[in-house]
Amino acid sequence: MKKHIVLLPGDGIGPEVARAAKRVLEAIAEQHQHTFTFETHNIGGSAIDQDGTPLPEDTIEACHKADAVFLGAVGGPKWDDLPGHMRPEKGLLGIRKQLGLFANLRPVKAFQQLLHASPLKTEVVTGSDLLIVRELTGGLYFGEPSERRNNDAEVVDTLAYSRHEIERIVEQAFQSARLRRNHLTSVDKANVLESSRMWREIVEEKKQEYPEVTVEHMLVDAAAMKLVTNPSYFDVIVTENMFGDILSDEASVLTGSLGMLPSASIRKDGLGLYEPVHGSAPDIAGQNKANPLASILSVAMMLKHSFKLEEEAEQVEKAVQDVLAARYHTADLNISGGIPVSGSELANKVIEQLSTSDTTENIMRCYV
Ligand SMILES: NC(=O)c1ccc[n+]([C@@H]2O[C@H](COP(=O)([O-])OP(=O)(O)OC[C@H]3O[C@@H](n4cnc5c(N)ncnc54)[C@H](O)[C@@H]3O)[C@@H](O)[C@H]2O)c1
Ligand SMILES: CC(C)[C@H](C(=O)O)[C@@H](O)C(=O)O
């Protein structure tokens, strides 16, 4: 199979984890006689420095032509004082919007080997296996107006959704639920927000088409609490952009580290942008400490969603599992009696493991 992948390393630890992602893709290509070609482009702060904008035109063009995109991370203190429209994060929001990537899939699964790495009690974390389906191209992130007024005496951001935007993400969530355990929790703030009340109505309408899926509505504040007190209660969570952003970082504590959470930002035709949920981690950038596993698991999602290479995707997931079972870990993971290694060494271990991992064994198949 021939596939062309655009790499957007970005800032901070972005280039370190993007390197790991590329090496895993190269190893998979070699083993299975695929031809994966790569093209690297600027985004975020590094694009501001080199091109004067967080999202250069050639980056957008290359992504449009690609079969899949991998993004490391954007942002950092160097660019924090720039005006809003010039910030590195605008590059990330812009590419999601330009590519029409309305659905962000964020699977959260507590690896057996990492149950003790979470600060939560082991009995709470055990069995956690959920998928957050986050709306990605609407809501507060993109609503207009968004501005300061009257010499900073007032400020406004706008939370706006069209019916179509809500319908398509809710539909995606029902489809994901059907592939998993048929349990959908729609998270909103319907006791306060009109947009949430319309969201609820649309979920109620859509559920008629998916009678096998059990549906419930939960307020976001209650969901935030339940996520850390009874996480195994959840199967699929669907929610709007901002709530999904916050809940997924919260959910990362179940896995032991933000460095463990992969994501896929997808649209209907298969093109996807794959990125770890974490940011550019300026505190550890350039020190080879970044955990590459969120990025490597995002590669597994790329293989599955964009390339339909199920076996290869499972091979990557299994290799990660085996490396953790061998107790290798980066410093962000608290594993007593483990073997601490650098980020690049951990990526090496996964790549070595790829040739030996037996995917017929029971592995975590949570990335739907
Ligand atoms: N997708 C993205 O590009 C993205 C996501 C979130 C934040 N950001 C940006 O990143 C910058 C830093 O944000 P932040 O500090 O709030 O969040 P962050 O996710 O970068 O870091 C939060 C904490 O988690 C740790 N961490 C994150 N990823 C890790 C990894 N792979 N391995 C080990 N430890 C890891 C960091 O060291 C830090 O202590 C900001 O500019 C923010 O806007 C970008
Ligand atoms: C960097 C930021 C714009 C981004 C978001 O809020 O979507 C990040 O937090 C994420 O979760 O990918």
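**Backbone geometry, ligand shells and packing of the chain**

Proline 145 is located in strand 6, which spans residues 143-149. In this predicted model, the peptide bond that leads from glutamate 144 into proline 145 is cis, and its omega angle is near 0°. Most peptide bonds are trans, and most residues other than glycine have a negative phi. Against this background, several further backbone angles deserve mention. Asparagine 150 is a residue other than glycine with a positive phi, near 50°; it is placed in the loop between strand 6 and strand 7 (154-158). Asparagine 150 counts as exposed because 7 C-beta neighbours lie inside 10 Å, and a residue is classed as exposed at 12 or fewer.

Lysine 308, likewise not a glycine, has a positive phi of about 55°. This residue belongs to the loop that connects helix 10 (293-305) with helix 11 (310-325). Lysine 308 has 11 C-beta neighbours inside 10 Å and therefore counts as exposed. A positive phi, near 55°, is also found at glutamine 33, which follows helix 1.

At the level of the whole chain, the secondary structure consists of 12 helices and 14 strands. The C-alpha atoms fill a box of roughly 55 × 50 × 40 Å along the principal axes. Of the 368 residues, 50% count as buried. Among contacts between residues at least 6 apart in sequence, 74% join residues at least 24 apart.

Helix 1 comprises residues 14-32; its 19 residues reach 27 Å from the first C-alpha to the last, close to the 27 Å expected at 1.5 Å a residue. The buried residues of helix 1 are Gly14, Glu16, Val17, Ala18, Ala20, Ala21, Lys22, Val24, Leu25, Ala27 and Ile28. Their cover includes strand 1 (2-10), strand 2, strand 3 (68-73), helix 10, helix 11 and helix 12 (343-354).

Strand 2, one of the elements that cover helix 1, extends over residues 35-40 and contains glutamate 39. With 15 C-beta neighbours inside 10 Å, glutamate 39 counts as partly exposed. When residues up to four places away in sequence are left aside, glutamate 39 touches Val6 and Ala62. Glutamate 39 and threonine 59, separated by 20 residues in sequence, are 9.9 Å apart in space from C-alpha to C-alpha.

Strand 4 (residues 103-109) is mostly covered, with seven of its seven residues buried. Burial applies to both faces: Ala103, Leu105, Pro107 and Lys109 are buried on one side, and Asn104, Arg106 and Val108 on the other. Strand 4 pairs in the antiparallel sense with strand 5 (residues 129-135) over seven bridges, and leucine 105 stands opposite valine 133 of strand 5. An antiparallel pairing over three bridges links strand 4 to strand 11 (residues 264-266); here leucine 105 stands opposite alanine 264.

Strand 4 and strand 5 also take part in the packing of helix 6. Helix 6 (residues 163-179) has 17 residues and reaches 25 Å from its first C-alpha to its last, close to the 24 Å expected at 1.5 Å a residue. Ile166, Ile169, Val170, Gln172, Ala173, Phe174, Ser176 and Ala177 are the buried residues of this helix. These buried residues pack against strand 4, strand 5, strand 8 (183-188), helix 7 (194-206) and strand 10 (236-239).

The model also contains ligands. Ligand 1 has 22 residues around it, of which Gly75, Gly259, His278, Gly279 and Asn291 come nearest. The shell around ligand 1 divides into 10 nonpolar, eight polar and four charged residues. Ligand 2 is surrounded by Gly75, Glu89, Leu92, Leu93, Asp245, Val277 and Gly279. This shell is made up of three nonpolar, two polar and two charged residues. Helix 4 (residues 88-98) gives the most to the shell around ligand 2, contributing three residues. Gly75 and Gly279 occur both among the residues nearest to ligand 1 and in the surroundings of ligand 2.

Conventions
Residues are numbered from 1 along each chain as its sequence is written. Chains are lettered from A and ligands numbered from 1 in the order in which they are written. This is a predicted model: local features need pLDDT of at least 70, side-chain atom pairs count only at pLDDT 80 or more; totals for chains, interfaces and linings use all residues. Helices (H or I, at least four residues) and strands (E, at least two) are DSSP runs, numbered from the N terminus. A residue is buried if 20 or more other C-beta atoms lie within 10 Å of its own, exposed if 12 or fewer, and partly exposed in between; C-beta atoms are placed from the backbone. Two residues are in contact if their C-beta atoms, placed from the backbone, lie within 7 Å. A residue is near a molecule or strand if its C-beta atom, placed from the backbone, lies within 6 Å of it. Ala, Val, Leu, Ile, Met, Phe, Trp, Tyr, Cys and Pro count as nonpolar, Asp, Glu, Lys and Arg as charged, and the others, Gly among them, as polar. Two strands pair if DSSP finds at least two bridges between them. The expected span of a helix is 1.5 Å times one less than its number of residues.
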